[in-house]
Amino acid sequence: MFHQYKTLIEDGDLVVVYLNPGSMLTTTVKAGDMLNNKYGNFRHDDMIGLKYGSMVKSRVGTGFVYLLHPTPALWTQVVPHRTQILYLPDISFISMYLDLKPGKVVLESGTGSGSFSHSLARTIAPTGHLYTFEYHELRAETARKEFIEHKLTDVVTIEHRDVLANGFGKVGIADAVFLDLPAPWDAVAAAKESLRRDTTGRVCSFSPCIEQVQRTALALDEHGFSDIRMYECLVKDYETRTLPMPDIEEAINGQKINFKPNWSERKKRKLESGSGTPTGEGGAGSEIMISKPVDQARGHTSYLTFAILAPEANN
Ligand SMILES: C[S@@+](CC[C@H](N)C(=O)[O-])C[C@H]1O[C@@H](n2cnc3c(N)ncnc32)[C@H](O)[C@@H]1O
């Protein structure tokens, strides 16, 4: 389902339930079941047959939720965290820089919570393949179950394996290797062995600490990789809101202007003015729409170290 879209919700489908801008969850639709949350009680029978994207109303009260088609981007926002995960800015940058597209063969370790695996699978489907390796047995099993439930097994193979101790067990097949490991420098030799030698091979290592980057870059250099570069993706969310425009006369006269009237104050002023346009503190101001970074914008997650392995000269 994550790389093939459909229109109608059927019994047994996974649905992303959108509650509000800050809250989503997943549910597998099953005839007879009920989804209960603070917005009400939602019968799965009411969901079956609806189009993805539809709103469904609670059987009690006035609550409603939206039913969205699962995508890798949504999954990253709702995935149960078994580990630290990759988020969309890194995911998109890495996918682009590794030159991923349908048909590519990618190796990934560790699988962790499978956040990146879902995006990798969608990007290289339907003709490519992702081999993902995880040495924590429970995490490997949990990810395996999710890949089956999400109908990704045609493009994803997961293996419970310690890649530092045992390598990837793949020779000369990969277009790209992605490492999210505590000691990625120890996986560089195995990454090289797994890459194709008839075309440019690409590696990316995701590490939170600059010391890890230094050791990985040295290892990549020693093993003959080139074009070694490091990037950091920092995302800045913006929100829009309407504020009262300060009145120049009031400002000149030194009157205090409230730039953050709450909703009830604004509604009161709107009614008082009778104009349909809420006004600023003390009178006749109009409004402006502003856009600013949200206070809790996510900062550094990790450094991204990229390198290429040039094709062998006789190819
Ligand atoms: C930070 S998580 C990966 C998260 C993943 N990129 C995601 O987006 O969900 C790192 C994972 O690497 C696994 N790992 C660590 N050393 C490993 C090794 N030698 N072989 C395979 N997996 C390993 C850990 O068990 C952990 O699950």
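Predicted model: local features only at pLDDT ≥ 70, side-chain atom pairs only at ≥ 80, totals over all residues.
Helices and strands here are DSSP runs, numbered from the N terminus, with at least four residues (H or I) for a helix and at least two (E) for a strand. Residues are numbered from 1 along each chain as its sequence is written.

Is Glu134 buried or exposed? Glu134 has a relative accessible area of 5%, so it counts as buried. (Buried means under 20% relative accessible area, exposed means over 50%, and partly exposed is in between, using a 1.4 Å probe and protein chains only.) Setting aside residues up to four places away in sequence, Glu134 touches Gly110, Thr111, Gly112, Arg139, Ala140, Glu159, His160 and Arg161; a contact means heavy atoms within 4.5 Å. A polar atom of the Glu134 side chain also lies 3.3 Å from the backbone nitrogen of Thr111. That is a polar contact: a pair of N or O atoms within 3.5 Å, where, within protein, one must be able to donate a hydrogen and the other to accept it, and residues adjacent in sequence count only if both atoms are side-chain atoms.

An unreviewed UniProt entry lists Glu134 and Asp180 under "binding site". They span 47 residues in sequence, yet no two of their C-alpha atoms are more than 10.4 Å apart, so they gather at one spot. UniProt positions are given in the numbering used here, feature names are shortened, and annotations may be inferred rather than shown by experiment.

Asp180 is found in the loop between β10 (176-179) and α7 (188-194). With 26% relative accessibility, Asp180 is partly exposed. Beyond its neighbours within four places in sequence, Asp180 is in contact with Leu86, Ser109, Gly110 and Phe206.

Now turn to the ligand. Which residues come nearest to it? Of the 24 residues around the ligand, these are Glu134, Arg139, Asp162, Val163 and Asp180; a residue belongs to this group if one of its heavy atoms lies within 4 Å of the ligand. At least two residues of the shell come from each of α4 (115-124), β8 and α6 (163-166). One oxygen atom of the ligand is 2.8 Å from an N or O atom in the Arg139 side chain, and a ligand nitrogen is 3.1 Å from a polar backbone atom of Val163. The protein covers 92% of the 610 Å² of accessible area that the ligand has on its own. Such areas come from the Shrake-Rupley method with a 1.4 Å probe; for residues, only the protein chains shown count as cover.

Helix α7 also holds Ser194. At 0% relative accessibility, Ser194 is buried, and its contacts beyond four places in sequence include Leu107, Phe168 and Val177.

Finally, step back to the whole chain. It has 10 helices and 15 strands, and buried residues make up 42% of its 315 residues. The mean pLDDT is 90, with 88% of residues at 70 or more; pLDDT is the predictor's confidence in each residue, from 0 to 100. Over residues 277-284, however, pLDDT stays under 50.

Technical notes: Heavy atoms only, no water.
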